[in-house]
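Welcome! Take a moment to look over the chain below, and then we can walk through some of its side chains together.

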Amino acid sequence: MICKHLQPIEQLILEKGIKETYRGQVWSKNCREWVYYDCFIDAVSLSKRLDLDECVEIHKHLGTHDGSEYGFYCNEHHDGIMGVPPENRKNKIIFRTQSCQLAKLYCL
(Lines give C-alpha, C1' and ligand atoms only; values in the text may rest on other atoms or scores of the structure.)
Protein backbone atom coordinates (compact mmCIF):
# COMPACT_ATOMS: atom_id res chain seq x y z
CA MET A 1 0.00 0.00 0.00
CA ILE A 2 1.29 3.43 -0.96
CA CYS A 3 2.13 5.76 1.96
CA LYS A 4 -0.40 8.16 3.47
CA HIS A 5 1.31 11.16 1.88
CA LEU A 6 0.73 9.89 -1.67
CA GLN A 7 -2.67 8.25 -1.12
CA PRO A 8 -4.69 11.37 -2.07
CA ILE A 9 -2.95 11.50 -5.47
CA GLU A 10 -3.37 7.78 -6.06
CA GLN A 11 -7.05 7.92 -5.11
CA LEU A 12 -7.70 10.66 -7.67
CA ILE A 13 -5.90 8.68 -10.39
CA LEU A 14 -7.82 5.50 -9.52
CA GLU A 15 -11.14 7.37 -9.59
CA LYS A 16 -10.40 8.28 -13.22
CA GLY A 17 -9.75 4.64 -14.12
CA ILE A 18 -6.21 5.23 -15.36
CA LYS A 19 -4.36 1.97 -15.98
CA GLU A 20 -1.72 0.91 -13.47
CA THR A 21 1.33 -0.51 -15.27
CA TYR A 22 3.54 -1.56 -12.34
CA ARG A 23 3.46 -1.67 -8.54
CA GLY A 24 6.35 -2.82 -6.38
CA GLN A 25 9.88 -2.13 -5.27
CA VAL A 26 12.12 -0.55 -7.90
CA TRP A 27 15.88 -0.05 -8.31
CA SER A 28 17.10 -0.47 -4.72
CA LYS A 29 16.07 -1.34 -1.19
CA ASN A 30 15.89 2.41 -0.50
CA CYS A 31 12.67 2.48 -2.57
CA ARG A 32 9.64 0.98 -0.86
CA GLU A 33 6.53 0.94 -3.09
CA TRP A 34 6.40 2.70 -6.44
CA VAL A 35 3.32 2.73 -8.63
CA TYR A 36 3.41 3.55 -12.33
CA TYR A 37 0.42 4.71 -14.35
CA ASP A 38 -0.08 4.87 -18.11
CA CYS A 39 -0.42 8.65 -18.22
CA PHE A 40 1.38 11.94 -17.83
CA ILE A 41 0.86 13.24 -14.27
CA ASP A 42 0.99 17.04 -14.34
CA ALA A 43 2.75 17.19 -10.98
CA VAL A 44 3.18 20.97 -11.07
CA SER A 45 -0.55 21.70 -11.40
CA LEU A 46 -1.48 18.97 -8.90
CA SER A 47 0.99 20.21 -6.28
CA LYS A 48 -0.47 23.72 -6.57
CA ARG A 49 -4.02 22.46 -6.04
CA LEU A 50 -3.52 19.73 -3.44
CA ASP A 51 -2.35 20.29 0.12
CA LEU A 52 0.60 17.89 -0.01
CA ASP A 53 2.94 17.31 2.91
CA GLU A 54 6.42 18.84 2.77
CA CYS A 55 7.97 15.39 2.38
CA VAL A 56 6.33 15.01 -1.06
CA GLU A 57 8.35 16.33 -3.97
CA ILE A 58 8.18 16.27 -7.74
CA HIS A 59 10.46 13.59 -9.18
CA LYS A 60 11.79 13.36 -12.73
CA HIS A 61 14.15 10.79 -14.20
CA LEU A 62 15.08 10.68 -17.87
CA GLY A 63 17.00 7.45 -18.16
CA THR A 64 18.96 6.42 -21.20
CA HIS A 65 18.75 2.67 -20.58
CA ASP A 66 16.74 2.27 -17.39
CA GLY A 67 13.47 3.97 -18.28
CA SER A 68 11.99 7.41 -17.68
CA GLU A 69 9.46 8.60 -15.12
CA TYR A 70 7.81 11.72 -13.75
CA GLY A 71 5.52 12.15 -10.77
CA PHE A 72 5.68 12.37 -6.99
CA TYR A 73 8.13 10.95 -4.45
CA CYS A 74 7.74 10.79 -0.65
CA ASN A 75 11.05 11.45 1.11
CA GLU A 76 9.74 10.06 4.39
CA HIS A 77 8.52 6.66 3.20
CA HIS A 78 10.45 6.35 -0.09
CA ASP A 79 7.29 5.68 -2.10
CA GLY A 80 6.52 7.06 -5.55
CA ILE A 81 3.63 7.60 -7.93
CA MET A 82 4.88 7.93 -11.49
CA GLY A 83 3.71 8.44 -15.02
CA VAL A 84 5.59 9.24 -18.19
CA PRO A 85 7.80 12.36 -18.31
CA PRO A 86 6.58 15.48 -20.15
CA GLU A 87 8.83 14.65 -23.10
CA ASN A 88 6.99 11.34 -23.64
CA ARG A 89 3.39 12.46 -23.03
CA LYS A 90 2.29 12.43 -26.67
CA ASN A 91 -0.71 10.11 -27.08
CA LYS A 92 -0.93 9.56 -23.30
CA ILE A 93 -3.70 10.49 -20.90
CA ILE A 94 -2.85 13.76 -19.15
CA PHE A 95 -3.84 13.95 -15.48
CA ARG A 96 -3.94 17.52 -14.11
CA THR A 97 -6.06 20.04 -12.24
CA GLN A 98 -6.36 22.72 -14.93
CA SER A 99 -9.25 23.14 -17.35
CA CYS A 100 -10.06 20.20 -19.61
CA GLN A 101 -9.74 21.15 -23.27
CA LEU A 102 -8.10 18.13 -24.89
CA ALA A 103 -9.31 14.62 -25.57
CA LYS A 104 -7.97 12.10 -23.06
CA LEU A 105 -7.50 14.82 -20.42
CA TYR A 106 -8.56 14.12 -16.83
CA CYS A 107 -8.94 17.02 -14.47
CA LEU A 108 -10.00 17.48 -10.88
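Let us begin with F40, which counts as buried because its relative accessibility is 3%, and the cut-off for buried is under 20%. Please keep in mind that this is a predicted model.

How many aromatic pairs does the structure hold? There are three. A pair of aromatic rings is described by the distance of the centres and the angle of the planes. Two of these pairs are set out here.

| Pair | Centre to centre | Angle between planes | Kind |
|---|---|---|---|
| W34 and Y73 | 5.6 Å | 45 degrees | tilted |
| F40 and Y70 | 5.7 Å | 15 degrees | stacked |

W34 belongs to strand β2 (residues 34–37) and Y73 to strand β5 (residues 68–74), so this pair ties together parts of the chain that are 39 residues apart in sequence. Both W34 and Y73 are buried.

The stacked pair of F40 and Y70 also links distant parts of the chain: F40 sits in strand β3 (residues 39–41) and Y70 in strand β5, 30 residues apart. Like F40, which is buried, Y70 is buried, with a relative accessible area of 8%.

Now for the surface. Which residues gather in a patch of negative charge there? They are D51, D53, E54 and E76. D51 is found in the loop between α2 (43–49) and β4 (56–62). Is D51 buried or exposed? D51 has a relative accessible area of 81%, and since exposed means over 50%, D51 is exposed.

How values were computed:
Residues are numbered from 1 along each chain as its sequence is written. This is a predicted model: local features need pLDDT of at least 70, side-chain atom pairs count only at pLDDT 80 or more; totals for chains, interfaces and linings use all residues. Side-chain values use heavy atoms; hydrogens and water are left out. Patches are made of residues with over 30% relative accessible area and no salt bridge: like charges are joined within 9 Å, nonpolar side chains (Val, Leu, Ile, Met, Phe, Trp, Tyr) within 5 Å. Accessible areas come from the Shrake-Rupley method with a 1.4 Å probe; for residues, only the protein chains shown count as cover. A salt bridge is a side-chain nitrogen of Lys or Arg within 4 Å of a carboxyl oxygen of Asp or Glu. Lys and Arg count as positive and Asp and Glu as negative; His and the chain ends are not counted. The place of a charge is taken as NZ of Lys, CZ of Arg, CG of Asp or CD of Glu. Helices (H or I, at least four residues) and strands (E, at least two) are DSSP runs, numbered from the N terminus. Buried means under 20% relative accessible area, exposed over 50%, partly exposed in between (1.4 Å probe, protein chains only). Rings of Phe, Tyr and Trp (its six-membered ring) pair if their centres lie within 6.5 Å; planes under 30 degrees apart count as stacked, over 60 as edge-to-face and the rest as tilted.
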